[in-house]
Structures are given as structure tokens and as C-alpha cells.
Amino acid sequence: MSTYRVNLHQAIYSLSDALDLVGVTHIHHGKRVAYIAAECGKKLGWSGRRLDDLFQAAILHDCGVSKTVIHSRLAQLEWENEHEHCVIGHALLGQCPQLAKLADVVLHHHTHWSVLKDLDLPEETRLNASCIYLADRIDILTLGNLKDNSNILLGVRDTCRQVIEHKNEWFHPEMVEVFLELASSEAFWFRLESEQVAGYAATWVGCESEGQLEFSDLRSLMHVFSVIVDAKSPYTQRHSDAVARLARYIGEKMGLSPRTCELLELAGLLHDLGKLRVPDNYLDKPGKLTPEEYAIVRRHSFDTFNILKNISGLEEVAQWASQHHERIDGSGYPYHLQKAELSLEARIIAVADVFQALEQHRPYRGPLPAKDILDILQEEVEQGKLDAEVVASVEANLEQCWAVGFSK
């Protein structure tokens, strides 16, 4: 098993970029919450690892939200069942060794201080969760109180008033006082603007150096990404995991190196990240997409590249994942590359994606048996769409490919 040099901050920042897509237009919420929470933490005298853990939990606090319909509710000050996404995020982070330390904070980031203060939790967990809850609601209130689209300062008074109204019950009283100190500075509010807050988060990324990760730990981290995207629709559950297994299996059967096969598995896990931008109802639609809807869907592979391109050490993964809808005759998207411009690994991902999609239930059809899937793949080869060598490998190992690609 190989080891990889990965900057954990880069990976978490990229995951935040993926979560931003769910908002479609309401973007950078996680980064703004991380900025507000970190500034409050600094005022409280927190630093070093303590502040870093707070920032990580804050930038990922909504990792339990995959659906655009759920994300739209985040703009409400409170709503029924708001704790559900906290539970989902807690379970997701708890499965990843690099992020498990953040799980309890994410679980309680909507818990009122009047309840949270008496829970049997480490003091740091309670305070971090309370700080993120305050920061989260400040961001929502700020957006809701904007008097126009150009001057963020016009809503500051109302935001502060509403925070004070919930002091002690919802929010830790000392943190409210710290926030009010920060709120007196115009610069604090100007830094909430998209380009400013993105720069703030980027500075945080630069504070971490690359570290060594075993493949199993790296896969666990990337699996967090895939679970979030696959949760968008009941029709895509575990699709990315299955594509990852199948791509790796095909790569092994075609004699690729163990390290290349590991990277293929990661590309399979991550290939559909850009679908987080696609409205839920497009993925669940039982009929044909309109040209306008399909145009929105077609950008998802490009969005995948934009999310992954900044994780050093995974450059090949970003490229292969973004090319899973390319076709060897140049008719695919988003780059319209032809066979000579596509690596074997990208062509494997393309076949694995088609195979597994046909193996799954979709709103417009049921799952297909292995022989029918092979017939479709061979038709695609005859039409100059899919790579003949890759499909021949699938044919030679058809039943095993079906078993490997099955969504467990």
C-alpha cells in the first residue's frame, strides 16, 4: 500500500468548495462561519491547535447537507428538524480518522447553549460548538438583514439586536460579548464579502504543510467527499464508491501499477463531486431533461476539476475524474478531447461510470443485467464513444465486474 504527501488543509478547503456548490447561489457560507468563529476564538485567547480545530469544524459544519432543498432551509433562523443534518455530519466525520475529532462539535452546532452547557462533553467541544452556532446564525442574520445588495453595514444593527435577544438561551453569553466587540469594526463586516473571506480561508490553508498519509487514510478522507455527493439522490446512493471499486478492478485486470490503481480508485470516488451544484429535482426527474436542465448538468465534471485541482499530490486524480464524460471521438464534455488526448486511466473511469450507472436503478428505468450492460458498452465502442480495449477487459471479466460494481 502506497503513501501519499497531502496537505490536509488543502483537502478540507476543497471539501468546503464542494459544499459551497450545494447552495447554488448562497455560497461561501462555511468559509464565512469559519472566519467569524476564528475571529471570536482569537478574541477569547484561543490559538494553535485549538484554533485550527475550531476552523476545521466551522468550515465543514454543514457537511451533512447534500440536497439543495435542505440547504435552502439553512437561511432560516431556525426550522423543524434542523438537527438532522448535524447527526448526518457527525456520522460522516466520525468514520474518517483525520476528521473524527470534529464530529461531536458538528453534532452540536445547532444545540442551544442552555442545553449544551449541561451536556457531558469536554469543555473544548462545548465551547467550539457554541462558537460555531453563534457564527452560523450571525452569517444567516447578516444575509437576511441586508438592506440592499451593496452595503453590508446597513444590516449590522439588526443582526446585533437579534443576537442579543438570544443571549444566554441560544448563545454563550461571553461569546456574544466578544462578537459585539468585533461588530464595532467595519473591517470585520467587509471581510465577510466573498473575495475577502475566500482569501482569509486561503491564508489558513497556507499554514499547513504536506504530511504523509497511508492510502487507506487518504481513501477514508476522500470517501467523505463521495458520500456527500451520492446522498443528493436516492438513485445515486453509493454510486461513487461502486465506480471507484470497478475502476480499480479494471485497472488491475489491464496490468496497471498498484499505485495507479489506487489513484484510479480515488478518481472514481470523486468523479461526480460537481453534481452538488445540480438541483435535486434534475437528478430525480423521471423524464428527459430539458435542454436548459441538461446544460446545467453538463458542467458538473468541470466543477469536479475546480474542486480537486488545488489538492497537491492529486493532480492526476483531478484530471481523470473531470474527464469521465469525455468520449474518444471528441463528442463528450467538458473538454471534447479525443482518444489521443485521453489517458487510459480517464478512459477506464468513463467505462466504469457508464457500467455502474446502468447497474443502478434510475427514475426512468430499472437496473440492467450484466449482459445488457455489455451490449450497450459494445454499441458505444462501435459508435466510437468508449475505448474498445477497456470494454474488452470488461467483457473478459463480465460477471466479476458486475459483482464489483454492484451498489452494496
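What span should the 12 residues of helix α12 have, and how far apart are its end C-alpha atoms? In this predicted model, helix α12 covers residues 194-205 and, at 1.5 Å a residue, should span 16 Å; its end C-alpha atoms lie 17 Å apart, which agrees.

Helix α12 has a buried side, made up of Val197, Ala198, Tyr200, Ala201, Trp204 and Val205. Viewed down the helix axis, these buried residues fall within an arc of 155°, so they line one face of α12. An α-helix has 3.6 residues a turn, so residues three or four places apart point the same way. The face turned away from the buried side of α12 carries the exposed residues Glu195 and Thr203. On the buried side, the residues of α12 pack against α1 (8-22), α2 (29-43) and α3 (48-59).

Across the whole structure, a search finds 14 aromatic pairs. In one of them, the rings of phenylalanine 179 and tryptophan 189 have their centres 6.0 Å apart and their planes at 80°, so the pair is edge-to-face. Phenylalanine 179 lies in helix α10 (residues 173-183) and tryptophan 189 in helix α11 (residues 186-190), 10 residues apart. Both of these residues are buried. Tryptophan 189 also pairs with phenylalanine 188: the ring centres are 5.1 Å apart and the planes stand at 85°, so this pair too is edge-to-face. Relative accessibility is 3% for phenylalanine 188, which counts as buried, and 1% for tryptophan 189, which is likewise buried.

The nonpolar interior can be considered next. In soluble globular proteins, nonpolar side chains tend to be buried together. Here the largest nonpolar core has 126 residues, and Phe179 and Trp189 are among those with the most contacts inside it, together with Leu99, Met222, Ile250, Leu266 and Leu377. Apart from its neighbours within four places in sequence, leucine 377 is in contact with Val351, Val354, Phe355, Leu386, Val391 and Val394.

Charged side chains form a further set of links. Side chains of opposite charge can pair when their charged atoms come close. The whole structure holds 28 salt bridges. In one, aspartate 329 pairs with lysine 385, with the closest N and O atoms 3.1 Å apart. Aspartate 329 lies in the loop between α19 (315-322) and α20 (344-359), and lysine 385 in the loop between α21 (370-382) and α22 (388-396), so the pair ties together parts that are 56 residues apart in sequence. Aspartate 329 has a relative accessibility of 32% and counts as partly exposed.

Another salt bridge joins lysine 339 and aspartate 387, whose closest N and O atoms are 3.6 Å apart. Lysine 339 is partly exposed at 42% relative accessibility, whereas aspartate 387 is buried, with a relative accessible area of 1%.

Lysine 371 and aspartate 375 meet at 2.7 Å, N to O. Both lie in helix α21, 4 residues apart, about one turn of the helix.

How values were computed
Residues numbered from 1 in each chain as written. Predicted model: local features only at pLDDT ≥ 70, side-chain atom pairs only at ≥ 80, totals over all residues. Heavy atoms only, no water. Salt bridge = Lys/Arg side-chain N within 4 Å of Asp/Glu carboxyl O. Helix = DSSP H or I, 4+ residues; strand = E, 2+ residues; numbered from the N terminus. Buried < 20%, exposed > 50% of the residue type's maximum accessible area, 1.4 Å probe, protein only. Expected span 1.5 Å × (residues − 1). Arc of directions from axis to C-beta. Contact = heavy atoms within 4.5 Å. Core = buried A, V, L, I, M, F, W, Y, C linked by side-chain atoms within 4.5 Å. Phe/Tyr/Trp six-rings, centres within 6.5 Å; stacked < 30°, edge-to-face > 60°.
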